[in-house]
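Hi,

Here is the structure I promised to pass on. Could you load it and keep it open while you read my notes?

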Amino acid sequence: MTQPTGSRSTGIYVGSWVFSPNHGECVRILDVETVWDHTVCQVWVPRKNTVERLAAEALAPQEQPRKATLDRLLYAAAAARIADALTQDLLLAPLEAGVIPLPHQLYALSRAMSDDRIRYLLADEVGLGKTIEAGLIFRELKLRGLVKRVLVVAPKGIITQWVQEMKTHFNEEFQILTPGEFSLWRNLTGSENVWRHFDQVVCPIDAIKPVEKRRGWSREKLEAHNQERLGDLIDAGWDLIICDEAHRLGGSTELVARYRLGKVLADAAPFLLLLTATPHQGNIDEEPTENDLGEEDAQQQWENLLEIRLAGLKNEKEEVGLLLDLARRCEAQGPDARAETLLDILYDNQRVENNPELKFLIFTEFVPTQGMLREFLEE
């Protein structure tokens, strides 16, 4: 025998709204039946627009409605916007970034997020905002819950810039870590692996490059030195690694230290972004030269330079004679033809603009070229 029943004191009665944890929403009671001591409710589920039978003990009284404050309305509107964006696979990072992305930056973000395995080389020209592109991709992944631990590897001169841009444009805090500060951080944090203590880190490339040899160091000391820098970094576990000036990690064989560093970093995280504006020079077999000794630490660099200089001293007389001969040949050739062509271009632009004070910005790849042009233009 069954009969309608219900209790207003418990909120379980026909016409009342109660919360169903199984559905994650409030449902409306259409009927209540009790068979012996077991109560079953017939309810309407709004989201599914269906009528179902649920045990009364599986339902909970609806909470009192909260006061509709402005903050709560704004919160609800933002949450609804995000939920709607997720269902339509829209991009979230541009909506809340502190910068208005340019079309090519939005394209880079869209292209990256269209792939499940994000491992890209961002190779825009200088000044087109690769840092912003990387920040948008990082922020999008974080908003979607795909990354938490992020490592940025960059030349020492721009690590502070990375921290500032991530804070200014994306309100993300990054910690600068250099191995020279590890002892201090261990004392402050009590963590043996300092890399693990921070979720978002920026570090200089030179600081993590393994050392192959060091005068007066034993093999055990070298291994401990490299483990603290690169070994512990890899063991820390990263979701996303961003390498700025990635061309510094170039190389073609495992014998090149910079190649090995790049390979290790590439294998250390599921998501990888490489940033560079330097085109490939065409020689894939190029080995490190004296100009490539920046990818090393100061003492190692000094020792390598010393070896080079000592070898050069043996043939100093021949080198000096060769340099003098080259200098005489350069003087005999007169002004550089390309420099004269550049000067003609400058004059032509001044005439077209009818402005003898027109300013120009000239880029050079090498410092000696810069010095030559400066002297030529001043004369």
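Predicted model: local features only at pLDDT ≥ 70, side-chain atom pairs only at ≥ 80, totals over all residues.

Residues are numbered from 1 along each chain as its sequence is written, and side-chain values use heavy atoms, with hydrogens and water left out.

Rings to start with. I counted a pair of Phe, Tyr or Trp rings (for Trp, the six-membered one) when the centres lie within 6.5 Å; planes under 30 degrees apart are stacked, over 60 edge-to-face, and the rest tilted. That rule gives two aromatic pairs. One of them is W17 with W44, edge-to-face, at 6.2 Å between centres and 65° between the planes. W17 sits in strand β1 (residues 17-20) and W44 in strand β3 (residues 38-45), so this pair links distant parts of the chain, 27 residues apart. Helices here are DSSP runs of H or I with at least four residues, strands are runs of E with at least two, and both are numbered from the N terminus.

On exposure, I call a residue buried under 20% relative accessible area, exposed over 50% and partly exposed in between, using a 1.4 Å probe and protein chains only. W17 is partly exposed at 34%, and W44 is partly exposed too, at 29%.

F138 and F174 also pair edge-to-face, 5.6 Å centre to centre with 70° between the planes. F138 belongs to helix α4 (residues 130-143) and F174 to the loop between α5 (159-170) and β8 (175-176), so the contact ties together parts 36 residues apart in sequence. F138 is buried, with a relative accessible area of 1%, and F174 counts as buried at 8%.

There is a charge on a ring as well: the charged end of R149 sits over W238, 4.3 Å from the ring centre. The test is NZ of Lys or CZ of Arg within 6 Å of the ring centre and within 35 degrees of the ring normal.

How many disulfides are there? Zero, by the rule I used, which asks for a pair of cysteine sulfur atoms within 2.5 Å. For C243, the closest cysteine sulfur is in C203 at 8.8 Å, too far for a bond. C243 is buried at 1% relative accessibility, and C41 is buried at 0%.

Now the helices. The axes of α3 (residues 103-113) and α4 come within 9 Å and cross at roughly 40°. That makes α3 oblique to α4; under 35 degrees would be roughly parallel, over 145 roughly antiparallel, 65 to 115 roughly perpendicular, and the rest is oblique. Axes are lines fitted to C-alpha atoms, for helices over the stretch in contact, with angles from 0 to 180 degrees between N-to-C directions.

Last, some loop residues. N49 has a positive phi near 55° without being a glycine; it lies in the loop between β3 and β4 (50-55) and is exposed at 57%. N171 likewise has a positive phi near 55° as a non-glycine, lies in the loop between α5 and β8 and is exposed at 56%. P356, in the loop between α12 (337-353) and α13 (367-378), is exposed at 62%.

Cheers
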